[in-house]
Amino acid sequence: RFDASNGNIVVNGRLAGADFALVKTGGHDLIANGGAIDLDRADIKEGRLVLLGASGAIRSFGLQSDAEIALLNGASLVSAPPADASPDAPLVVYPTVSLSGVSKATGAPCAWDLAGRPLRKVSGALTLAHGASLTNAGAIAIFSAPGQTNDIACRVEGGATLQAKGLILGATENSELRFSRRIALTVAGTLVPGTRQTTIDLGGSSLQVGARADSDTRSVRNSLTVTDGARIVNAGAVQVPGGKGDDFNTATFSGGAT
């Protein structure tokens, strides 16, 4: 257990806990600086877990949404299933997630490898920037939390890459996540010649802006904006459901988007 209530905590070296959960409390950062992480579970109750040039594996996360996971300056993370789980067991992530370089001009891009697992991103935002990549993912579904009314602003921008076998914004299912709304994904490219272009690769599967499991679920007011030369490739279909239960979902392509 790390309590970062009074300031940041920096771990230089290895952070390993194969037989227990790492628990972080306190509003300041827990920073893994340049070393290696090997964790079955990270329970980030508040504040940020920052991988700063670090590499390693975290196989599962706790369910708190008032927290953030940040990869900076060339950090890399693999989230293969735990040893006792099915190979296609979804990774459920509530905290906000951001992958980036240090800034637009400096720092190496980061990478998160899902090892083929589906990703269920609930509540907090997801941001990939400055060449970062989220790769080797199964289907990605982004939900709002039960009772959530504010927009969840997700961004893939600045030459970042998201590679998954399908993407659903505002997903719902037969569980507590019956009503999902206001997921706003912006995919923004770069118009600077010769730079890496922002890309979402769907591996032949569909992109859906709004989707619901059955007649008792609702998926409303979700949006996709693709702009400034950004690309969506290898999509089996791009679907924007409308009608009763799937109201006011939108997709907009502009500024040389493909």
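Reader: What makes Arg182 and Asp151 a salt bridge?

Author: The gap between their side chains is 3.5 Å, N to O. The cut-off asks for a side-chain nitrogen of Lys or Arg within 4 Å of a carboxyl oxygen of Asp or Glu, so Arg182 and Asp151 qualify. Bear in mind that this is a predicted model, where local features need pLDDT of at least 70, side-chain atom pairs count only at pLDDT 80 or more, and totals for chains, interfaces and linings use all residues. Residues are numbered from 1 along each chain as its sequence is written, and side-chain values use heavy atoms, with hydrogens and water left out.

Reader: Which parts of the chain does the pair of Arg182 and Asp151 tie together?

Author: Arg182 sits in the loop between β18 and β19 (183–188), and Asp151 in the loop between β14 and β15 (152–157), so the pair links parts that are 31 residues apart in sequence. Strands here are DSSP runs of E with at least two residues, numbered from the N terminus.

Reader: Why is Asp151 called partly exposed?

Author: Its relative accessible area is 48%. Buried means under 20%, exposed means over 50%, and partly exposed is in between (1.4 Å probe, protein chains only), so Asp151 lands in the middle class. Arg182, at 33%, is partly exposed as well.

Reader: How do you know whether Arg120 and Glu173 are buried or partly exposed?

Author: Arg120 comes out at 17% relative accessibility, so this residue counts as buried. Glu173 has 23%, so that one counts as partly exposed. The two side chains meet in a salt bridge at 2.2 Å, N to O. Arg120 lies in strand β11 and Glu173 in the loop between β17 (167–171) and β18 (179–181), so this pair ties together parts 53 residues apart in sequence.

Reader: What makes β11 paired with β8 and with β14?

Author: Two strands pair if DSSP finds at least two bridges between them. Strand β8 (residues 91–93) and β11 share three bridges, in the parallel sense. β11 and strand β14 (residues 140–143) have four, also parallel. Arg120 takes part on both counts: Val92 stands opposite Arg120, and in β14 the bridge partner of Arg120 is Ala141.

Reader: How many salt bridges does the whole structure have, and which residues form a network?

Author: A search of the whole structure turns up nine. Arg14, Asp38, Asp40 and Arg59 are linked in a network. Asp43 and Lys45 also meet in a salt bridge, at 3.5 Å, N to O. Within that pair, Asp43 is buried at 10%, while Lys45 is partly exposed at 31%.

Reader: What makes Ser133 buried or exposed, and which residues does Ser133 contact?

Author: With 12% relative accessibility, Ser133 counts as buried. Ser133 is in strand β13 (residues 133–137). Contact means heavy atoms within 4.5 Å. Beyond neighbours within four places in sequence, Ser133 touches Leu99, Cys110, Ala111, Trp112 and Thr161.
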